[in-house]
Amino acid sequence: MKPLIPSDATSKVLAAEAPPDRDHSLHDEILTRLRDHIVEGNIPDGGRVPERQLCEMLDISRTPLREALKVLASEGLIELLPNRGARVRQLSEHDLGELFDVMGGLEGLAGRLACENITDAEIAEIERLHYEMYGYYLHRDMHGYFRVNQLIHQKIVEASRNAALMGTYANFAGRIRRVRYSANFARKRERWGEAMREHETILDALRRRAGSELSDILFIHLRNKRTAAVEHLKDSDSAATEPA
């Protein structure tokens with residue numbers, strides 16, 4: 001008959017097999033910092049991911065770094081090259097057009113469904129996030145602004161209560177996260193102010209649960225973001241080809 005209480009030796013084996021919560025937290029922290037580093041343009045489009053430098057920056061070994069890179073590859077932010085490391089995914093103007101149109105359709109549908117299903121508490125949380133984002137905008141903190149901005153869009157999608165929509169959205173969101181960030185710098189950051197004003201109309205339609213109106217606003221919001229992303233892409237290409 002097996003003992004009900006494990007021996008000290010068995011306890012040690014079980015403890016070794018069960019990864020502590022801090023390992024999971026460390027993985028999430030590494031993933032977040034690495035994702036932010038790439039999204040914020042610290043590695044150029046199409047550029048190789050410098051694993052050695054990133055290990056030094058994050059104070060980690062190659063193994064946890066490569067685990068994080070696998071996650072970012074599944075999100076579509078980077079590409080893993082067989083036996084050659086990884087590189088930042090580079091999107092053409094045509095790619096941007098297609099991806100933003102799909103995302104606009106997904107967010108438009110999410111807005112319509114959210115107005116049918118969202119609770120007062122969820123609207124209050126999105127409103128709180130909106131004013132937190134506005135504070136970052138006033139302080140010109142792009143990192144904080146973008147983080148909360150993406151959380152607002154995610155909350156609206158979650159309020160749709162549609163698992164298929166949420167899964168499809170997540171599949172596309174990572175692929176354009178980097179260009180959504182850089183689009184705020186278009187036209188010497190004028191686009192950033194425009195995006196903030198568009199979010200005011202998003203919040204207003206959500207409060208009124210005006211599903212058709214919110215759907216149109218979100219689609220146009222993504223279309224404007226696409227235009228700004230393409231402009232920024234062209235400006236970046238022009239700057240790269242200009243002689244020093």
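Me: Before I look at anything else, what is a disulfide?

Reply: A disulfide is a covalent bond that links the sulfur atoms of two cysteines. In a model, a pair of cysteine sulfur atoms counts as one when they lie within 2.5 Å. Keep in mind that what you have here is a predicted model.

Me: Thanks! How many disulfides does the structure hold?

Reply: It holds zero disulfides. Cysteine 55 has a relative accessible area of 10%, so it is buried. Cysteine 115 is buried too, with a value of 8%.

Me: Now the overall layout. Which elements make up the chain, and in what order do they run?

Reply: There are 10 helices and two strands. Starting at the N terminus, the order is α-α-α-α-β-β-α-α-α-α-α-α. The chain has 244 residues, and 41% of them count as buried.

Me: What share of the contacts join residues at least 24 apart?

Reply: Take the contacts between residues at least 6 apart in sequence: 74% of these join residues at least 24 apart. Here is one pair to find on screen. Histidine 27 and proline 64 are 37 residues apart along the chain, with 7.2 Å between their C-alpha atoms. Histidine 27 belongs to helix α2, residues 21-39. With a relative accessibility of 27%, histidine 27 counts as partly exposed. Setting aside neighbours within four places in sequence, histidine 27 is in contact with Glu67, Ala68 and Val71.

Me: I would like to read helix packing next. What describes two packed helices?

Reply: On the α3 side, the contact is made by Glu51, Arg52, Leu54, Cys55 and Leu58, and on the α4 side by Arg62, Leu65, Arg66 and Leu69. Sorted by class, these residues are five nonpolar, no polar and four charged. Notice that the buried Cys55 is one of the residues in this contact.

Me: And what are the angle and the axis distance for α7 and α8?

Reply: Helix α7 covers residues 142-158 and helix α8 covers residues 163-183; they pack at about 160°, with axes 12 Å apart. The cut-off to remember is that angles over 145 degrees count as roughly antiparallel, and so α7 and α8 are roughly antiparallel to each other. Their crossing is right-handed. In α7 the residues involved are Met142, His143, Phe146, Gln150, His153, Gln154, Val157 and Glu158, and they meet Met166, Tyr169, Arg177, Arg180 and Tyr181 in α8. This contact has six nonpolar, four polar and three charged residues.

Me: One last kind of feature. Is glutamate 198 buried or exposed?

Reply: Glutamate 198 has a relative accessible area of 15%, so it is buried. Look for it in helix α9, residues 186-207. Apart from neighbours within four places in sequence, glutamate 198 is in contact with Arg191, Ile217, His221 and Asn224.

Me: And which residues does serine 215 touch?

Reply: Not counting residues up to four places away in sequence, serine 215 touches Gly108, Leu109 and Arg112. Serine 215 is in helix α10, residues 211-241, and its relative accessible area of 10% makes it buried.

Technical notes: Residues are numbered from 1 along each chain as its sequence is written. This is a predicted model: local features need pLDDT of at least 70, side-chain atom pairs count only at pLDDT 80 or more; totals for chains, interfaces and linings use all residues. Side-chain values use heavy atoms; hydrogens and water are left out. Buried means under 20% relative accessible area, exposed over 50%, partly exposed in between (1.4 Å probe, protein chains only). Axes are lines fitted to C-alpha atoms, for helices over the stretch in contact, and angles run from 0 to 180 degrees between N-to-C directions. Helices (H or I, at least four residues) and strands (E, at least two) are DSSP runs, numbered from the N terminus. Angles under 35 degrees count as roughly parallel, over 145 as roughly antiparallel, 65 to 115 as roughly perpendicular and the rest as oblique. A crossing is left-handed if the near helix is turned anticlockwise from the far one by less than a right angle, and right-handed if clockwise. Contact means heavy atoms within 4.5 Å. Ala, Val, Leu, Ile, Met, Phe, Trp, Tyr, Cys and Pro count as nonpolar, Asp, Glu, Lys and Arg as charged, and the others, Gly among them, as polar.
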